[in-house]
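Please open the model in a viewer and keep the selection tool at hand.

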Amino acid sequence: MKYEGELKIIVGASAFALIPVFAILGSDLSVYALLLGRLIFASLILFLLLKNKREIFNFSFKKIVFLTFWSLLMLGAMITYFLSIHISGMAVSAAILGIQPLFIVILSGILLKEKISLLTWFSCLICVAGIVLISGIDGFWSLDSSSGILLAIAAALLISFNFVLKKRYLNDISGIDIVFYQCIFQIPFLIPFLFFHPGTLNFDGVVASLLLGVICT
């Protein structure tokens, strides 16, 4: 299929764009409980899709350490993004997360040594201009709005590192396998947060976690 890669990017971006919708649906849960539910559901589904279950975690210690670090980058991205949604709202947070293509272009040039064309740079500038117009800059100077905006920028940067580092260091692991490992490695680090921020478990929260785990992950 000629445009298979482009099609996958569009589908992935569309699924990722639904994260704020499901996060708002499960707002009675804490950010950490909602993320943990997402990881549990995603891990169960991805485990069923694994082709070679007997080879799970058959890695060197060095690779496991790097997988853990890489997984924590995505965990940090999700925590900052979900917190941004709660502070600044769905529209602003989702718009600002759109700055990640600029970060990916910069990191690809630095870490992957890719040659970045002038057209790509120009497209990134248009992207940033659009984000500023959509999210607005007036509210940046209020403490509540600026903290949400900074969290969304941090999420975009962490996600960008996640994508680029995978391409450079973990490209030998298939997509389904790598996301499964990412989910599993994140779970132990989320559990301690639940003792301080459990939220209220209800039907909407479970459904939101399921949708985040299956559709968005």
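Begin with the largest pocket, whose volume is about 1,600 Å³. On a 1 Å grid over the protein atoms alone, a pocket is an open set of points where a 1.4 Å probe fits, with protein on both sides within 12 Å along at least five of seven lines, and lining residues have an atom within 4 Å of a point. The volume is the space filled by probe spheres set on the points, which are joined across faces, edges and corners. This is a predicted model, in which local features need pLDDT of at least 70 and side-chain atom pairs count only at pLDDT 80 or more, while totals for chains, interfaces and linings use all residues. Residues are numbered from 1 along each chain as its sequence is written, and side-chain values use heavy atoms, with hydrogens and water left out.

Select Lys8, Ile9, Gly12, Ala13 and Phe163 next: of the 42 lining residues, these lie nearest the centre of the largest pocket. Which helix gives the most to the lining? Helix 1 does, with nine residues; this helix spans 4-17. Helices here are DSSP runs (H or I, at least four residues), numbered from the N terminus. Other helices that each supply at least two lining residues include helix 3, helix 4 (61-88), helix 9 (175-194) and helix 10. By class, the lining has 26 nonpolar, 11 polar and five charged residues; Ala, Val, Leu, Ile, Met, Phe, Trp, Tyr, Cys and Pro count as nonpolar, Asp, Glu, Lys and Arg as charged, and the others, Gly among them, as polar.

Now select helix 3 (residues 31-49) with helix 10 (residues 203-216): their axes are 7 Å apart and the packing angle is about 50°. Helix 3 is therefore oblique to helix 10. Axes are lines fitted to C-alpha atoms over the stretch in contact, and angles run from 0 to 180 degrees between N-to-C directions. Angles under 35 degrees count as roughly parallel, over 145 as roughly antiparallel, 65 to 115 as roughly perpendicular and the rest as oblique.

Show Val31, Tyr32, Leu34, Leu35 and Arg38 of helix 3, which meet Met78, Ile79, Phe82, Leu83 and His86 of helix 4.

Finally, pair helix 4 with helix 9, where the axes lie 8 Å apart at an angle of about 75°. Helix 4 is therefore roughly perpendicular to helix 9. Trp70 of helix 4 and Phe185 of helix 9 are among the residues that make this contact, which has 12 nonpolar, four polar and no charged residues.

Key
Contact = heavy atoms within 4.5 Å.
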